[in-house]
Amino acid sequence: MLRIAIQTKGRLNEQSMELLHEIGIDVDAAKRKFLSQATNFPIEVLYLRDDDIPQVVANGTASLGIVGLNEVAERGCDVEVVKKLGFGGCRISLAIPKGERYDSVEYFCGKRIATSYPKILGEFLAGHGVKADMEVITGSVEIAPAAGIADAIFDIVSSGGTLVTNGLKEVERVFESEAVLIANRNLSMEDRALLDELLFRIESESVSRGKKYLLMNIPTASLDEAIKILPAMRSPTVMPLAVEGWCSLHSVVDAASLWDKVRQLKAIGAEGILVLTLDKIIP
Ligand code: ATP
Ligand code: MG
């Protein structure tokens, strides 16, 4: 039985649960406890605070975890980062009061910096030969300068709105983060095989995302041109229609280029164009 640790509540919980659901793992959210077992895959979900996830995966209490890369780096736990998951994107940045002049990292020499990420900050400062004082606080870091606790902060930024609200400006982007799937370094053969199955499913999920299934009727005379417009996985599917001189063409396109393709296809005589939502593409 594979055990995966995810955040109990907070920013990553919903999308972690959604990811599990998308890859066909059903966990009854209503009956959610500290530990709950999936009904259709040999996996159980362990709900934890995100701070604890890297450590339980490193020590094998859970085989896998979903957590921000920032937490993995800050805890300094030895785990395998198996895959970036494309959600929970943010960065950890240095920010100072907006009226201050800023030229380089030297600015921070002798300054007091409030943060919940002393390890990542310490490594960054050491790398630049800057000696500063760290004030380690666990919450509301952004109010530290106004409260007189610190001169600057090192904290998570996503839109930057919180910084603006607190009269701060971002001056150094130090660490880029997103949610990642992590694994214990010594997985059993059985767990490794289950992980491979999960990765296969996650991969097909990301291949399918943002794709549409397109079908239309096209004059046979325009077929070659239509095929050039529609590069499919191998090549588009073509089927003859009962009416002479027409065929039905099926293909998969990126949602981003959909309207452009539709315009080009209409221009060469395509009719009855259907755009369907794609559930999965199994590579
Ligand atoms: P817990 O109670 O589990 O310890 P937390 O309060 O430490 O939760 P959250 O605020 O839920 O953590 O954030 C979890 C993760 O979400 C962060 O570690 C980070 O990787 C990611 N994240 C993405 N955007 C943001 C953001 N704007 N602010 C904070 N975290 C963000
Ligand atoms: Mg936390």
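Which side chain has an N or O atom 2.7 Å from a nitrogen atom of ligand 1? The points below take up this question and the surroundings of the ligand.

1. The model is predicted, with local features requiring pLDDT of at least 70 and side-chain atom pairs pLDDT 80 or more, while totals for chains, interfaces and linings use all residues. Residues are numbered from 1 along each chain as its sequence is written, chains are lettered from A and ligands numbered from 1 in the order in which they are written, and side-chain values use heavy atoms, without hydrogens and water.

2. The side chain in question belongs to Ser 158. The protein covers 77% of the 620 Å² of accessible area that ligand 1 has on its own (Shrake-Rupley method, 1.4 Å probe).

3. Two further contacts involve oxygen atoms of the ligand. A polar side-chain atom of Asn 70 lies 2.7 Å from an oxygen atom of ligand 1, and a backbone N or O atom of Arg 11 lies 2.9 Å from an oxygen atom of ligand 1.

4. Ligand 1 is surrounded by 15 residues, the closest being Arg 49, Asp 50, Asp 51, Asn 70 and Ser 158 (a heavy atom within 4 Å). By class, this shell has seven polar, five charged and three nonpolar residues.

5. The automatic or database assignment gives domain 1 (2–87 + 178–207), domain 2 (90–177) and domain 3 (210–277). Ligand 1 lies between domain 1 and domain 2, because both give residues to its shell. The centres of domain 1 and domain 3, taken over C-alpha atoms, are 39 Å apart.

Definitions and conventions. Polar contact = N/O pair within 3.5 Å; in protein donor to acceptor, adjacent residues only side chain to side chain. Nonpolar A, V, L, I, M, F, W, Y, C, P; charged D, E, K, R; others polar.
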